[in-house]
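Trainee: I have a new chain open on my screen. Can you walk me through it?

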Amino acid sequence: MSKTDQPLDFLWFIPSSGDGAYLGSDELSRPPDPGYFREIAVAADRLGYSGVLIPVGAACEESFVLAADLAARTEKLKFLVAIRPGTATPAYYARLASTLDRVSNGRLLLNIVVGGSAQELAGDGIFLPHDERYDHAAEFFQVFNELIETGRSSLDGKYIKAIDAKLGLPPVQQPRPPIYFGGSSDAAIDFAGGIVDKYLTWGEPPAQVAEKIAHARKAAAAKGREASFGIRLHFIVRETDEEAWEAADRLISKLSDEAIASAQEVLTKNSDSVGQARMVALHNGRRDRLEVSPNLWAGIGLVRSGAGTALVGSPKTIAARLREYQALGIDTVIASGYPHVEEAYRVAELLFPELGLPGPRGQLRASFGDRQVFGGGGHGGNVKLTSAS
């Protein structure tokens with residue numbers, strides 16, 4: 001079986017800082033609301049997504065707490081939850097992770113987040129320069145992993161000191177929940193090689209993604225390890241390519257040039273993230289160069305930090321683009337779309353069949369003679385922006 005014949009692992013996203021129908025506008029926006037997050041999670045669980053990413057950031061709800069709430073309301077959905085080394089001790093995060101894995105019956109995935117805006121990192125008490133943050137993270141996860149896997153750890157490190165740390169209750173998943181991570185700098189990829197199970201990239205053109213995957217493979221091989229690969233993308237899928245591009249234009253139709261300029265200044269000056277710089281370089285804030293690769297649209301990155309590109313098109317078109325990424329080694333997609341309830345349905349109903357993925361779980365079905373009646377549901381509304389993942 002070739003790489004492109006294998007089914008993709010498809011996750012969705014919880015917009016825990018807010019949602020909406022238009023980027024950079026308060027019109028038809030949805031503020032952060034626990035009930036709305038539950039609605040998205042229940043929909044994603046029913047529609048067949050394997051999990052959801054819960055972002056981290058000062059503007060977001062706390063990811064572990066939110067995941068615990070959503071886990072209680074879903075059946076199979078997994079939760080990709082962020083650990084940011086430096087905001088708490090490895091022992092404390094080990095207890096959080098083990099407990100969340102236990103109460104969710106083994107549905108925890110861990111997402112390492114080392115970077116971010118300088119202002120936000122300072123607010124969290126993190127003042128290390130870029131490359132040193134990865135040295136710190138390596139020590140952090142030495143203790144964290146030993147605790148999760150064996151229940152004990154000690155380290156007298158440069159950044160982390162732990163004396164006979166203990167974890168009383170192990171996680172359900174053995175030896176530990178899978179670890180995901182995305183980072184584009186040399187320091188980040190070298191760090192990833194020694195620890196990460198799933199290396200993630202934002203949605204860059206395939207040639208650039210191929211370079212990153214090759215770099216990450218080499219870093220893992222140098223440490224006697226292997227990694228698998230995922231991609232973080234937004235989706236604008238409609239029944240035809242024309243409809244999809246109209247929807248993309250509509251998403252940024254209320255975005256002023258002044259708002260773009262202001263956002264780009266913040267994104268370029270307030271972060272030392274190499275990945276963020278690569279996102280900005282795809283378009284440099286210009287509306288006239290947003291299709292940066294066939295069907296890969298960078299309009300979201302005009303104002304949003306983190307993942308800034310979307311695949312735009314019909315189900316057949318987008319499936320073809322995804323198979324190009326699969327051929328490079330991508331086996332996991334972490335997806336999103338504005339607004340997140342409506343787009344979760346569109347992606348599952350339109351794109352999943354084209355990818356050979358199973359449809360909604362527990363779909364109501366009744367027969368009346370020759371007719372098949374399917375129970376369904378939708379949600380009306382709209383959104384704004386923000387979020388670091």
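Trainee: Where is the place of P175?

Mentor: P175 sits in the loop between strand 8 and strand 9, and strand 9 covers 179-182. Keep in mind that this is a predicted model.

Trainee: What about the peptide bond from Q174 to P175, is it cis or trans?

Mentor: The bond from Q174 to P175 is cis. Its omega is near 0 degrees. There is also a cis bond from Y338 to P339, with omega near -15 degrees.

Trainee: And where does P339 lie?

Mentor: In the loop between strand 15 (330-336) and helix 12 (340-355).

Trainee: Let's step back. How many helices and strands are in the chain?

Mentor: The chain has 12 helices and 17 strands.

Trainee: What radius of gyration does the chain have?

Mentor: It has 21 Å. A compact globule with 389 residues would have a radius of gyration near 21 Å, so the chain agrees with that. The C-alpha trace spans about 65 × 50 × 45 Å along its principal axes.

Trainee: What percentage of the residues count as buried?

Mentor: Of the 389 residues, 53% are buried. Contacts tell another part of the story. Take those in the chain with a separation of 6 or more: residues 24 or more positions apart account for 76% of them.

Trainee: Now helix 2. Is it mostly covered or mostly open?

Mentor: Mostly covered. Seven of the nine residues of helix 2 are buried. They are S63, F64, L66, A67, D69, L70 and A71.

Trainee: What covers the buried residues of helix 2?

Mentor: The cover includes helix 1 (34-47), strand 4 (51-54), strand 5, helix 3 and strand 6.

Trainee: Which residues are buried in helix 8?

Mentor: Helix 8 runs over residues 241-251, and A244, A247, A248 and L251 are buried there. They cover an arc of only 100 degrees around the axis, so they sit on the same side of helix 8.

Trainee: Why would residues at that kind of spacing point the same way?

Mentor: An α-helix has 3.6 residues a turn, so residues three or four places apart point the same way.

Trainee: Got it. What do the buried residues of helix 8 pack against?

Mentor: Three strands: strand 11 (228-237), strand 13 (296-297) and strand 14 (310-313).

Trainee: Switching to pockets. How much space lies in the second largest pocket?

Mentor: About 290 Å³. It is lined by 19 residues. V56, E62, T87, Y93 and D124 lie nearest its centre.

Trainee: Which elements each supply at least two residues of that lining?

Mentor: Helix 2 (63-71), strand 5 (78-83) and helix 3 (90-103). Helix 3 gives the largest share, three residues.

Trainee: What does the lining of the second largest pocket have by class?

Mentor: It has 11 nonpolar, three polar and five charged residues.

Trainee: I keep clicking on G86. Where is its place?

Mentor: G86 is in the loop between strand 5 and helix 3. At 35% relative accessibility, G86 counts as partly exposed.

Trainee: Which residues is G86 in contact with?

Mentor: Leaving aside neighbours within four places in sequence, G86 contacts D124, I126, H136 and F140.

Trainee: One last topic. What is the phi of L28?

Mentor: Positive, about 55 degrees, although L28 is not a glycine. L28 is in the loop between strand 2 (19-20) and strand 3 (29-30). L28 is partly exposed, at 44% relative accessible area.

Trainee: And what is the phi of N105?

Mentor: N105 has a positive phi of about 60 degrees, and N105 is not a glycine. Its place is in the loop between helix 3 and strand 6 (108-112).

Trainee: Is N105 buried or exposed?

Mentor: Exposed, at 62% relative accessibility. The cut-off for exposed is over 50%.

Conventions:
Residues are numbered from 1 along each chain as its sequence is written. This is a predicted model: local features need pLDDT of at least 70, side-chain atom pairs count only at pLDDT 80 or more; totals for chains, interfaces and linings use all residues. Side-chain values use heavy atoms; hydrogens and water are left out. On a 1 Å grid over the protein atoms alone, a cavity is a set of points where a 1.4 Å probe fits but cannot get out, and a pocket is an open set with protein on both sides within 12 Å along at least five of seven lines; lining residues have an atom within 4 Å of a point. Grid points are joined across faces, edges and corners, and a volume is the space filled by probe spheres set on the points. Helices (H or I, at least four residues) and strands (E, at least two) are DSSP runs, numbered from the N terminus. Ala, Val, Leu, Ile, Met, Phe, Trp, Tyr, Cys and Pro count as nonpolar, Asp, Glu, Lys and Arg as charged, and the others, Gly among them, as polar. Buried means under 20% relative accessible area, exposed over 50%, partly exposed in between (1.4 Å probe, protein chains only). The arc is that of the directions from the helix axis to the C-beta atoms. Contact means heavy atoms within 4.5 Å. The radius of gyration is taken over C-alpha atoms; the globule rule is 2.2 Å times the number of residues to the power 0.38.
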